[in-house]
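Biologist: Could you take me through the reading of helix packing and of aromatic pairs in a model?

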Amino acid sequence: MVPLFGFGLFAAGWGGGNGAAVLLAVLGVPLLVGMLATVGMTARTVVPMCGTVGGLLGWAVLVFVLGTLGVLAGLAAYGQGVDLGSAGARIALTGVPYAVAAAFFVPGPWVRWGAVTLLAAAVAYGGLLGPAQKRQHQDAAEVARYLEKPELLYLGAAPPGMEVSRAEVGLGSFSVDYRPFRERDEMGWVGLTVRLAIEPAIHCPEPPEEGVTCTVDAHGEMRTVRDLPGNVRGITLTRRYRSTQVEVTSQTLDEPGLRHVLDSLHPLTDTELKKLMREQKISHRL
């Protein structure tokens, strides 16, 4: 009856506004309390409180209030993503808080200890195990989202004194930034970008850009040097790697260092991905 009553409140509030929901509550709550009192009549020899009419009504009201609080706590946990099983299991679980509340009025210590144990288990699951399970599901879903295009997820070894500071998975690319371990160290930056190869071979852009020197060696690797203000040169190396085109660029790292990043390319491992997620260094660009 509780799920039916709850659905009725929702439907009444949705279709007829708060007035209809309040009217249903005014009519439905006494009905549920009366049903509990009717059930309690069969327990007069077990529950001393049900021995009188006043005690029976008080018992029914207390069981209804305490049980409803338990149902509301379960709804709150379910709203936070705690897994409560199938629809049939959730309907059956709505009766558990009322059964636990009723058990506390039974004089037998074993019944009460059983109710305490069940209540503690529910609190532990809803407060600890359930959220942990939810986080695991979220982490698994996030990992699956990052792995939607594994052909792009390649990582090179960080240059000496540097680490991965940021990684971003795009619709058709995977980019990684490397920066020094500590901010007070000499500033530097290395960028790695992986894209799906579209053209069969790498070639310099035509017409050539002003202030840019571009060459392609016999192995198909492209070297681009840009003259930047302040007597600074930006070096970019681009090569094919499997089905992708990978480029690494920097204004502070020399050419052998950039080539070492390319030579150390490897598929991003689960350990590396989880480490980036744990350190919140990877994101997904829509």
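What follows is a conversation about a helix contact and an aromatic pair in this predicted model.

Biologist: How are two packed helices described, and at what angle do helix H2 and helix H4 pack?

Modeller: In general, the angle between the two axes and the distance between those axes describe such a packing. Here helix H2, residues 53-79, packs against helix H4, residues 96-103, at an angle of about 135°, and their axes are 8 Å apart. Since angles over 145 degrees would count as roughly antiparallel, H2 is oblique to H4, and the crossing of H2 and H4 is right-handed.

Biologist: Which residues of H2 and H4 meet?

Modeller: From H2 come Trp-59, Val-63, Phe-64, Leu-66, Gly-67, Thr-68, Gly-70 and Val-71, and these meet Pro-97, Tyr-98, Ala-101 and Ala-102 in H4. The residues of this contact comprise nine nonpolar, three polar and no charged.

Biologist: How many aromatic pairs does a search of the whole structure find?

Modeller: The search finds two aromatic pairs. In one of them, the rings of Tyr-154 and Tyr-241 have centres 5.1 Å apart and planes at 80°, so the pair is edge-to-face, the cut-off for that class being over 60 degrees. Tyr-154 lies in strand E1, residues 154-155, and Tyr-241 in strand E7, residues 232-241, so the pair ties together parts that are 87 residues apart in sequence.

Biologist: Is Tyr-154 buried or exposed, and what of Tyr-241?

Modeller: With buried meaning under 20% relative accessible area, Tyr-154 counts as buried at 6% relative accessibility, and Tyr-241 counts as buried at 18%.

Note on methods. Residues are numbered from 1 along each chain as its sequence is written. This is a predicted model: local features need pLDDT of at least 70, side-chain atom pairs count only at pLDDT 80 or more; totals for chains, interfaces and linings use all residues. Side-chain values use heavy atoms; hydrogens and water are left out. Axes are lines fitted to C-alpha atoms, for helices over the stretch in contact, and angles run from 0 to 180 degrees between N-to-C directions. Helices (H or I, at least four residues) and strands (E, at least two) are DSSP runs, numbered from the N terminus. Angles under 35 degrees count as roughly parallel, over 145 as roughly antiparallel, 65 to 115 as roughly perpendicular and the rest as oblique. A crossing is left-handed if the near helix is turned anticlockwise from the far one by less than a right angle, and right-handed if clockwise. Contact means heavy atoms within 4.5 Å. Ala, Val, Leu, Ile, Met, Phe, Trp, Tyr, Cys and Pro count as nonpolar, Asp, Glu, Lys and Arg as charged, and the others, Gly among them, as polar. Rings of Phe, Tyr and Trp (its six-membered ring) pair if their centres lie within 6.5 Å; planes under 30 degrees apart count as stacked, over 60 as edge-to-face and the rest as tilted. Buried means under 20% relative accessible area, exposed over 50%, partly exposed in between (1.4 Å probe, protein chains only).
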